[in-house]
Amino acid sequence: MRIGIIGAGQLGQMLGFAARELGHECFFLDPAERPPAARVGPVIQAPFDDSVALSVLAEKVDVMTYEFENVPVEALRDLGKTVPIYPPLEALRLAQDRLDEKQLFARLDIPLPGYHVVDSPDDLHAACDAIGLPLVVKTRRLGYDGKGQFVLKVKDQIDEAWEAVGGVPLIAEQWVPFDYEVSAIGARSVHGDIAAYCLTHNEHAGGILRVSRAPVDDEALTAKAQAYLSRMLEHLDYVGVLALELFVVGDELLANEFAPRVHNSGHWTIEGAETSQFANHVLTVSGSRPASTAVPGHAGMVNLIGTIPDAARASGQGTLHDYGKAPRPGRKLGHITVVADSAAERDVQTAAVSETVK
Ligand code: AMP
């Protein structure tokens with residue numbers, strides 16, 4: 001099958017590698033000159049909202065998908081009449097606006113932090129009174145990796161917060177003193193079968209994912225997260241991989257956000273699971289059922305951010321994935337995955353890799 005992928009970053013690259021192994025051919029669209037996925041297939045270089053370029057891509061392929069959630073939904077609506085686009089555009093639309101996303105969680109009875117819609121400094125005052133301090137002010141659209149966020153600790157910071165992120169639609173969210181963060185990742189096919197991975201434990205710094213570990217050793221929490229994930233997949237009549245990010249507070253889970261695509265916190269599945277999230281995305285968007293998400297061992301993943309130190313290449317620790325991107329502060333350039341027989345050994349190896357890449 002020929003698969004069109006909108007976005008040719010590292011997620012596109014890893015989707016492309018998985019698609020190739022499964023016997024498919026991939027074509028990409030991306031505005032960048034030599035994006036990571038150019039290693040795997042031809043890239044049409046064009047902006048994501050270029051309807052002519054999108055049509056050219058659509059004509060080449062049997063199915064389209066995306067690796068990036070800020071693709072303008074309107075640009076894809078008409079194309080969807082000529083070629084199937086998975087995951088469904090409604091999922092993409094909801095994920096693009098934090099308010100829509102929160103309303104979806106609430107509709108599906110998935111617990112979430114308290115929030116308040118903010119369109120003016122006065123609304124920020126009202127938010128402080130309604131949900132208390134501290135709170136996190138986030139842009140409703142186009143935020144990623146903690147960008148477009150401001151943590152408001154005292155009311156005196158309202159002007160500063162407005163200066164930093166205001167002028168666009170915002171949402172103020174209760175600050176959650178979480179124990180840790182997890183993600184639930186799973187795939188659903190056009191036939192409705194769902195395959196979910198075990199829960200992944202995620203550590204962020206400065207809003208960027210640094211380290212993931214799986215599985216989380218908590219059956220009750222895993223069952224709860226997978227139930228929320230399945231509820232979303234079914235409600236959205238979803239096809240492909242979806243990642244749901246949650247805060248763990250005691251035995252409770254609060255939904256933070258979801259991504260209608262493969263996710264950084266699932267990169268460990270390449271070595272750590274019987275079928276990777278990338279292969280399962282390709283399988284499901286191309287009409288097959290998802291394959292086994294079983295995890296025989298214990299996996300850890302460390303992101304390589306800003307630079308790939310020579311020591312990380314030389315150490316031979318784990319499997320290093322180099323996306324081939326130019327170094328830049330804060331940029332995800334690659335990752336290293338370790339797989340061990342026990343959680344304790346996985347943690348030792350993950351800590352050693354984190355130390356090497358520091
Ligand atoms: P987000 O872009 O919303 O995923 O936020 C990036 C990271 O910031 C999250 O993974 C958390 O580590 C942190 N964060 C975001 N929202 C909150 C919140 N309401 N309470 C505490 N930490 C948060």
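Let's start with burial: a residue counts as buried under 20% relative accessible area, exposed over 50%, and partly exposed in between (1.4 Å probe, protein chains only). Arg-2, with a relative accessible area of 35%, is therefore partly exposed. Keep in mind that this is a predicted model, where local features need pLDDT of at least 70 and side-chain atom pairs count only at pLDDT 80 or more, while totals for chains, interfaces and linings use all residues. Residues are numbered from 1 along each chain as its sequence is written, and side-chain values use heavy atoms, with hydrogens and water left out.

Now for the overall picture. The protein has 12 helices and 17 strands; these are DSSP runs numbered from the N terminus, with helices (H or I) of at least four residues and strands (E) of at least two. Its radius of gyration is 20 Å, close to the 21 Å that the globule rule gives for 358 residues, so the protein is as compact as a globular protein of that length. That radius is taken over C-alpha atoms, and the rule is 2.2 Å times the number of residues to the power 0.38. Of the 358 residues, 53% count as buried.

On to the charged pairs. A salt bridge here is a side-chain nitrogen of Lys or Arg within 4 Å of a carboxyl oxygen of Asp or Glu, and the structure holds 19 of them. One of them joins the side chains of Arg-2 and Asp-62, at 3.2 Å from N to O. This pair links distant parts of the chain: Arg-2 sits in strand E1 (residues 2-6), and Asp-62 in the loop between helix H2 (51-60) and strand E4 (63-66), 60 residues apart. Asp-62 has 33% relative accessibility, so Asp-62 counts as partly exposed.

What about Lys-102 and Glu-173, buried or exposed? Both are buried. They form a salt bridge whose closest N and O atoms are 2.8 Å apart. Because Lys-102 lies in helix H5 (residues 98-107) and Glu-173 in strand E8 (residues 170-174), the pair ties together parts that are 71 residues apart in sequence.

Asp-129 and Lys-155 also meet through their side chains in a salt bridge, at 2.9 Å from N to O. Here Asp-129 belongs to helix H6 (residues 121-131), and Lys-155 to the loop between strand E7 (149-152) and helix H7 (158-165), 26 residues apart. Asp-129 counts as exposed at 58% relative accessibility, and Lys-155 as partly exposed at 35%.

Finally, there's a network of salt bridges linking Glu-203, Arg-213, Arg-346 and Asp-347.
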